[in-house]
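Hello,

Here is the structure I promised to pass on. Please open it first, then read the notes below.

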Amino acid sequence: ASATHPGALQSPLAGLAVSVKDLFDVAGQVTSAGSVVMQNQPAAQQDAPVIARLRAAGAGFIGRTNMVEFAFSGVGINPHHGTPAAWDALTDQQVGQPGAPRIPGGSSSGAATSVATGAAFIGLGSDTGGSIRIPAALNGLVGFKSTARRVPTQGAIPLSTTLDTVCAMTRSVR
């Protein structure tokens, strides 16, 4: 708590739940990029810069999210680890209606569904050709594609070294 506002939060994210697309290095964890080919790689020695920045801002990491293998699709399907259930399919099942399987969209599909289902407040992902924007649209979220290289892409497995952008999704602009 601050002296001027008792109970005020000390950091911008102050423990908000953040999910991490399995594309970014997290110290001590294997970064598999949604592929079984990478599962036996050594664990990352240090956090990607974006992870370090989120930690410094007080983020509460809840875990890695599933993704399209090597971020190579805008559909959101992963044949090795399963496809995250799209938000509207979950809604249909919750109200007892037959929920048709729906694609979650984008390679950041797990980040989107983690936010849409309320498991995370922020879903960290990446966007090269729509991997934040597509799942945000299909899951009723807000996705922000920042300026390329505004946030460093070091410590992320690249799809395109010139077009990849570190991005995030959340439930609303506010």
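In helix 3, the buried residues are Ser 109, Gly 110, Ala 111, Ala 112, Thr 113, Ser 114, Val 115 and Ala 116. Buried means under 20% relative accessible area, exposed means over 50%, and partly exposed lies in between (1.4 Å probe, protein chains only). Helix 3 covers residues 109-116, and eight of its eight residues are buried, so the rest of the structure largely encloses it. Gly 118 follows helix 3 and has a positive phi, near 90 degrees.

A word on the source. The model is predicted: local features need pLDDT of at least 70, side-chain atom pairs count only at pLDDT 80 or more, and totals for chains, interfaces and linings use all residues. Residues are numbered from 1 along each chain as its sequence is written, and side-chain values use heavy atoms, with hydrogens and water left out.

Now the overall layout. The chain has four helices and five strands. Helices (H or I, at least four residues) and strands (E, at least two) are DSSP runs, numbered from the N terminus. Their order from the N terminus is β-α-β-α-α-β-α-β-β. Of the 174 residues, 42% count as buried. Take the contacts (heavy atoms within 4.5 Å) with a separation of 6 or more: 68% of them are between residues 24 or more positions apart.

Next, strand 1. Strand 1 runs parallel to strand 2 (residues 60-65), with five bridges joining them. Strands pair if DSSP finds at least two bridges between them. Ser 19 has Gly 63 in strand 2 as its bridge partner. From strand 1 the chain passes through helix 1 to strand 2, a right-handed β-α-β crossover. Right-handed means that, with the strands pointing away from the viewer, the path from the first strand over the helix to the second runs clockwise. Strand 1 is also parallel to strand 3 (residues 122-127), through three bridges. There, Val 20 stands opposite Leu 124.

Last, the surface. Val 36, Val 37, Phe 70, Phe 72 and Leu 159 make up a nonpolar patch with about 470 Å² of accessible area together. Patch residues have over 30% relative accessible area and no salt bridge; nonpolar side chains (Val, Leu, Ile, Met, Phe, Trp, Tyr) are joined within 5 Å, like charges within 9 Å. A salt bridge is a side-chain nitrogen of Lys or Arg within 4 Å of a carboxyl oxygen of Asp or Glu. Areas use the Shrake-Rupley method with a 1.4 Å probe; for residues, only the protein chains shown count as cover. Val 37 is exposed, at 59% relative accessible area.

Best wishes
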